Amino acid sequence: MTDSSKKRYWRANLKVVVILLSIWFVVAYGLSIFFIESMNLISIGHLGLGFWMAQQGSIYIFVFLVLIYALVMDRLDRKYKVSD
């Protein structure tokens, strides 16, 4: 792997990480803190959606984003011919 290829691979990796962490930030803080009043108008069981997102939803989103990261990085590894 050449130096320029390594830099492109690392840049692509950082781009994926920044995008996924930004999504998680928006969900974890934006939806469950800043927009909690409007989200609590929708209820799941006896609790509002804002409370549910703060307690459970952001964790589910994080796990989902980890899965997406693994899939995207697997594709990038094959593209740049990186092996373990």
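**Terms and values**

Author: The largest nonpolar core has eight residues, namely Tyr9, Ala12, Val16, Leu20, Leu65, Met73, Leu76 and Tyr80. Helix H1 (3–34) and helix H3 (49–79) are the elements that give two or more residues to this core, and H1 gives the most, with four. The model is a predicted one, in which local features need pLDDT of at least 70 and side-chain atom pairs count only at pLDDT 80 or more, while totals for chains, interfaces and linings use all residues. Residues are numbered from 1 along each chain as its sequence is written, and side-chain values use heavy atoms, with hydrogens and water left out.

Reader: What makes a set of residues a nonpolar core?

Author: The term covers buried Ala, Val, Leu, Ile, Met, Phe, Trp, Tyr and Cys residues joined through side-chain atoms within 4.5 Å.

Reader: Why is H1 called roughly antiparallel to H3?

Author: The axes of H1 and H3, which are lines fitted to C-alpha atoms over the stretch in contact, come within 9 Å and cross at roughly 170 degrees. Angles run from 0 to 180 degrees between N-to-C directions, and those under 35 degrees count as roughly parallel, over 145 as roughly antiparallel, 65 to 115 as roughly perpendicular and the rest as oblique; the crossing angle therefore makes H1 roughly antiparallel to H3.

Reader: How do you know that Ser58 is buried, and what does Ser58 touch?

Author: Ser58, which lies in helix H3, has a relative accessible area of 11% and is therefore buried, given that buried means under 20%, exposed over 50% and partly exposed in between, with a 1.4 Å probe and protein chains only. Leaving aside neighbours within four places in sequence, Ser58 is in contact (heavy atoms within 4.5 Å) with Trp24, Val27, Ala28 and Met53.

Reader: Is Phe34 buried or exposed?

Author: Phe34, in helix H1, is exposed, because its relative accessible area is 57%.

Reader: Why is the pair formed by Arg78 and Asp74 called a salt bridge?

Author: A salt bridge is a side-chain nitrogen of Lys or Arg within 4 Å of a carboxyl oxygen of Asp or Glu, and the closest N and O atoms of Arg78 and Asp74 are 3.1 Å apart, so the pair forms a salt bridge. The structure holds one salt bridge. Being four residues apart in helix H3, Arg78 and Asp74 are separated by about one helical turn; Arg78 is exposed at 58% relative accessible area, whereas Asp74 is partly exposed at 39%.
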